[in-house]
Amino acid sequence: MNYTEDSEPSKMADSHLPAVVANIVIAGFLCYTTTMMNTVTIYALWKTSSLSKPLKTLLLSLAVSDLGAGLLSQPMYIAFLVEKDLRSKNPKTLDDFSTIVSNILFLTSFCSITALSTDRFLAIQWPLRYQEIVTHRRVVILVMAIWLTTVVFIPIDVLVISRKFPSVSTAIFFTIHSLSFFTSTLTSFRIYLTIRRHSIQIQTQTQHVTQNNGLVNMARIKKSAQSTIWIYLVFWVCYLPYFFVYVYVYVESIPPPRELRMFTVTLVLVNSALNPVIYCWKIRHFRPSILRILRKITNRNNLGERSIIMSNSLPGTESHNSSSKTLQDPFYSVLMANAILNICLCYPTIMMNILAIQALRKTPSLSKNLKTLLLNLAVSDLSVGVLGQPLYIVRRVGQLHGNLHKLRTSFSIVANVLFLSSFCGVTAASADRFVSIWKPLRYHQLVTHERVVITVIAIWLLSAFLGLANVFLLTEKMSFVIFFILELFCFVSTTWFTLKVYLTIRRQNLQIQARAHSAQNSHIMIKDATLNKSAQSTYWIHFAFWVCYFPQFFVSCLRQFITHPHQQHTFMMILVSSWTLVLLNSALNPIIYCWKMRSIRRTMIDILRSIIRRIRLGLPF
């Protein structure tokens, strides 16, 4: 969704001023209401147990994208109108970044509504086969695929395809949106016809007592399908004017009045505030959760507390806006937000990884090989909390006061060493679980504890050498090529190992179910189940690692081909946030250990109980 069609700063005409001010006022009002209503909606959806899991997942995806519109798209739209039309400036970096974020959230909403319409169509059309066709796992995979596809595709389209091949970008835009419109319209129309036919059938069958159960179930599905039609109808009404304007610009090559373009964009943003209203209005099981949440908020807050909070927040806001550094550095808010987030993550990362290391050492049920590899990963994560995040915080704060070359060098060395050790550690753990699942009889012969220790030492030596060589020996292009080959190899190999482990576990689970009646195979079944649990935890570690590291890898690769100055600024803003996502992975791994490995979870609980007991009794640790 582009906010503007021209690239030059607009000369503010008197006729445009009322429209610009009106759009700023509307977007400012919607910004707070959209954020608050979607926050309450997400919490209410989470607490509503009567909704089916597939429907709840799709509604949560739509609510998260609407929340992103309130937190990101609408403030960026207001800033864009102020900079371009009121101050007569040309904010290219803001335009690119806001276009990327808005298109990601909008395309995610569009695809989520299409998936929601298809889900309700299947529930109405084939009610007996619905639970077999639409499983919660498939819906989660679909939602993750929608978000990952939009996050990867939109930056390429906005920064590369739309600039070099504008006709291709327009064709892709038109194809995706036309296909989604056609699919959603067809499914919604079929839902309406099916509901109408079922309503007639229900009226003729109400006298049969034996069919009351089926009637209640069908009535519930009918209600959720009707709410889906309303969501789609509101989305269609809000978005179609913008779609027509976009098509008109492409066909006629003549831009429509600027007031019309502004109001169509504002109308698209209005949709994010209307969806929570539709949930509360049309979904009866969802309405009581909303009312309970609002009652709790009303009871816990009074007018005096609100006035104190508002009075305390105003001086900080004024001093922040009056800060000269904010005016000088365009990335001030991005740098400070990342620094504050890493300050919050630093202490939990250190404490959770210390607890994870102690729990790994105290867990006897883990094999020595897996324990060594997980300890290696936990030590690198602990080092991130002790060294990586403090250096990152100081570096980002230091960027606001000048270019600190020594600090940048120190951070580059530490970050590269810990980055490569974690990367290779996850790859080694995936390979170890692959061998244990793929060749269980030869595993102890192929993977010995001595070889694992040698591999871990080699990983740290290689990481230290490449981390130092990247700063002191290699040129920028040579360093990029070496790191690109190494990271791509680790990504591909880890993904292949994880996929093979998943397929093997799936096949073995079917075999275990087939021989579950045989008592003589009980020992083999227990052993296979243990290996499957450890392998499943490994690919959860790989998945979290992939989600946290891939954006940084992708942006770093794409940045090598960007030469325009303002595009490089945009990529620097994204790159700073992607490094925070990389550092976040070190806080997620201990959570995965505790969540997916029962033996480690029990050990962690015992350690925490021991600590609490010693604190209560005043005993030394």
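Predicted model: local features only at pLDDT ≥ 70, side-chain atom pairs only at ≥ 80, totals over all residues.
Local features need pLDDT of at least 70 and side-chain atom pairs count only at pLDDT 80 or more, while totals for chains, interfaces and linings use all residues. Residues are numbered from 1 along each chain as its sequence is written, and side-chain values use heavy atoms, with hydrogens and water left out.

The protein has 20 helices and zero strands. Both kinds of element are DSSP runs numbered from the N terminus (helices: H or I, at least four residues; strands: E, at least two). Of its 621 residues, 46% count as buried. Buried means under 20% relative accessible area, exposed means over 50%, and partly exposed lies in between (1.4 Å probe, protein chains only). Among contacts between residues at least 6 apart in sequence, 81% join residues at least 24 apart. Contact here means heavy atoms within 4.5 Å.

Start with one helix pair. Two packed helices are described by the angle between their axes and the distance between the axes. For helix 3 (residues 92-125) and helix 5 (residues 136-164), the axes come within 9 Å and cross at roughly 140°. Axes are lines fitted to C-alpha atoms, for helices over the stretch in contact, and angles run from 0 to 180 degrees between N-to-C directions. The two helices are therefore oblique to each other. Angles under 35 degrees count as roughly parallel, over 145 as roughly antiparallel, 65 to 115 as roughly perpendicular, and the rest as oblique. The crossing of helix 3 with helix 5 is right-handed. That term applies if the near helix is turned clockwise from the far one by less than a right angle, and left-handed if anticlockwise.

Which residues of helix 3 and helix 5 meet? From helix 3 come D96, T99, I100, N103, I104, L105, L107, T108, C111, S112 and A115. Helix 5 brings L142, I146, W147, T150, V151, I154, P155, V158, L159 and R163. By class, this contact has 14 nonpolar, five polar and two charged residues. Ala, Val, Leu, Ile, Met, Phe, Trp, Tyr, Cys and Pro count as nonpolar, Asp, Glu, Lys and Arg as charged, and the others, Gly among them, as polar.

S65 touches residues from both sides of that pairing. It is found in helix 2 (residues 53-86). Its contacts beyond four places in sequence are L105, T108, S109 and W147. S65 is buried, with a relative accessible area of 1%. H136, in helix 5, is partly exposed at 34% relative accessible area. H136 touches K53, P54 and T57, residues up to four places away in sequence not being counted. Its C-alpha lies 8.9 Å from that of S52, 84 residues apart in sequence.

Y232 lies in helix 7 (residues 212-252) and counts as buried at 8% relative accessibility. Leaving aside neighbours within four places, Y232 is in contact with I113, S117, F181, S184, T185 and S188. Y232 and S184 are 48 residues apart in sequence and 7.4 Å apart in space, C-alpha to C-alpha. Y239 is also found in helix 7 and is buried, with a relative accessible area of 1%. The C-alpha atoms of Y239 and F110 are separated by 9.8 Å, at 129 residues apart along the chain.

Now turn to the cores. A nonpolar core is a set of buried Ala, Val, Leu, Ile, Met, Phe, Trp, Tyr and Cys residues joined through side-chain atoms within 4.5 Å. The largest has 62 residues, of which L374, F423, I541, Y549, Y593 and I600 touch the most other members. Helix 14 (405-438) is one of the elements that give two or more residues to this core. Helix 14 gives the most, with 14 residues. L374 touches L360, I541, Y593, M597 and I600, not counting residues up to four places away in sequence. A second, separate core of 55 residues includes A19, F106, V139 and M262.

S421 is found in helix 14. It is buried, with a relative accessible area of 1%, and its contacts beyond four places in sequence are N376, S380, I459, W460 and S463. L486 is found in helix 17 and, on that basis of counting, is in contact with L420 and L466.
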